[in-house]
Amino acid sequence: MNDKNSERSIILIVDDNQTNLDVLFELLRNYGFKVLVALDGESAIEQIEYIHPDLILLDIMMPGIDGFETCLRLKADPSTRDIPIIFMSALSETLDKVKGFQTGAVDYITKPFQHEEVLSRIETHLTIRNLQQKLEEKNLELAQLNQNLERLVEQKTKQLIDQEKTAIIGRLTQGMVHNLKSPLQVIQTSVDLIETKATKIQEDSFFNYTKYIFQAVSKINQIMDTLMMKSRKEQNQDLHPVNINDLVQREIQLLEGNMFFKNKIRKKYFYDETITNIPLIYSYISQVFYNLINNAMDAMWERKIREITIVTRQDNSNIYMDIADTGCGIAPEDLSKLFDPFYTSKPPKGEEQIEGEPTGTGLGLYTCIELLKPFNGEIAISSNLGQGSVFTVVLPKQPKN
Ligand SMILES: Nc1ncnc2c1ncn2[C@@H]1O[C@H](COP(=O)(O)OP(=O)(O)OP(=O)(O)O)[C@@H](O)[C@H]1O
Ligand SMILES: [Mg+2]
C-alpha cells in the first residue's frame with residue numbers, strides 16, 4: 001500500500017453506529033490518516049463546508065437523511081462533487097449497492113469490515129483521486145500554456161506582417177529612387193556639356209541639351225507622380241487608355257538624351273500599327289520599359305555588336321512589347337532569380353568600378369513586376385548565354401479578376 005496517501009489525507013466517517021465509528025476511527029488513525037467523524041448526513045454536510053475531506057466513508061441507513069440523499073447532495077454541489085465517497089453496507093444489501101453507485105459513489109465496503117480490504121479500497125481511491133487532481137492541474141497548465149502560445153503566435157505574426165510591410169515600402173521606395181537616378185544623370189551630363197563647351201557650342205546642339213534636360217525633368221515628375229500614386233494604393237480610376245506604340249516612341253525620344261543609347265547602340269523598331277489603346281497607368285509602363293532598356297544597355301556595354309530591337313505586337317488576348325538585345329545573355333540557372341529583390345550580377349555603385357561599368361542594386365526587375373501587377377501584366381524572358389536576351393512585357397487586353 002502507498003503510505004504517502006495516509007500521511008496527508010483526511011477521511012470523514014459518517015455513521016450513526018458508535019461501534020462502527022470506533023472501529024474505523026482506530027483503524028484509520030493508526031494507519032496515519034487524519035480522521036473526522038459525523039453521526040448523520042446533515043452534520044456531515046455541515047462539517048464538510050469547513051473542512052474538505054479527501055474521502056468519505058458513508059453509511060447508508062442513518063436517522064435523518066440517509067446515505068443516498070447525503071451522497072446526492074454532496075454530488076450536486078460543485079465544491080464537494082469530486083470527493084470520492086465509499087458506501088458502507090451490510091453484505092445482504094445488494095440492491096443498495098447498485099443504487100449507491102447510481103448516486104455517484106466510487107465503491108462500497110461491506111460490514112463486518114475486513115481491515116485489509118477497507119485500507120486497500122481507501123488507498124486505491126485516494127490514489128485515483130490524486131492522479132485525477134494532477135491530471136486536472138496539468139490540463140489547466142496546458143490550457144494556460146496553449147493560451148500563452150496562441151498570444152505569442154498572434155504577436156509574432158503581427159510583428160512579421162509589420163516588418164514585411166515596412167520592407168515592401170522600403171523596397172518600393174528604393175525602386176522609385178533608383179528610377180530617378182537615370183534622368184538625373186541625363187541632366188548632369190547635359191549641364192556638364194553646356195558648361196564645358198559653352199563657348200564652342202552650336203546653337204542647335206545647345207537646343208538639344210536643353211531639350212534633354214526638359215525631358216528628364218518631366219521624367220522625374222512622372223516618377224514622383226507614380227510614387228504618390230503607389231502610396232495612395234493603386235485605384236482603378238487611375239487607369240487611362242494608353243497606346244503602347246505612342247508610349248514606346250515617347251520613351252525612345254527621351255532616351256536619346258542618353259549618349260550611350262544615342263551613339264553606341266544600333267536600334268530597330270517594329271510597331272504593329274493596329275494595336276488599340278488599353279487601360280493602363282502610363283507612368284508605370286514607361287518605368288518598366290525604361291528599366292528593361294537600361295538592363296539591355298548594361299548587358300551590352302562590353303560587346304562589340306550592340307543592337308536593341310523593340311517590337312510591339314498583339315493577339316486576341318494580349319499586347320506584347322519585346323525588347324531584344326545582343327548582350328551577354330543569361331545562364332539558365334540564373335533565370336529564376338532575376339525577379340528577386342536585390343538580385344544583381346552587377347557591382348554596387350562605388351569607387352572601385354571600371355570606367356563606364358554598369359552598377360546595380362537588383363531592384364529593377366522586381367520593381368517592374370510590382371508595377372505590372374495592377375494590370376495583371378507579366379514579363380517573359382528568353383535568353384541565350386553569350387548571344388543576347390529578349391524580355392517580353394505581356395499586357396492582357398481585358399484585365400483578369
Ligand atoms: N537584358 C539582360 N541581359 C542579361 N542579363 C540581364 C538582363 N536584364 C537583367 N539581367 C540580369 O538580371 C539581374 C537583375 O536585373 P535588375 O534590373 O533587377 O537589377 P540590376 O540591373 O542588376 O540593378 P538595378 O537595380 O540597377 O536595375 C541583372 O543584374 C542581370 O544579371
Ligand atoms: Mg536593372
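Predicted model: local features only at pLDDT ≥ 70, side-chain atom pairs only at ≥ 80, totals over all residues.
1. Residues are numbered from 1 along each chain as its sequence is written, and side-chain values use heavy atoms, without hydrogens and water.

2. I308 also belongs to the largest nonpolar core, which has 39 residues; F289, I293 and I308 have the most contacts inside it. Such a core is a set of buried Ala, Val, Leu, Ile, Met, Phe, Trp, Tyr and Cys residues joined through side-chain atoms within 4.5 Å. Buried means under 20% relative accessible area, exposed over 50%, and partly exposed in between (1.4 Å probe, protein chains only). Helix α10 gives the largest share of this core, ten residues. Helices (H or I, at least four residues) and strands (E, at least two) are DSSP runs, numbered from the N terminus.

3. Now for the charged pairs: R266 and E307 meet in a salt bridge through their side chains (2.5 Å, N to O). R266 lies in strand β7 and E307 in strand β9, so the pair ties together parts 41 residues apart in sequence. E307 is buried, at 12% relative accessible area. A salt bridge is a side-chain nitrogen of Lys or Arg within 4 Å of a carboxyl oxygen of Asp or Glu.

Definitions and conventions: Chains lettered and ligands numbered in written order.
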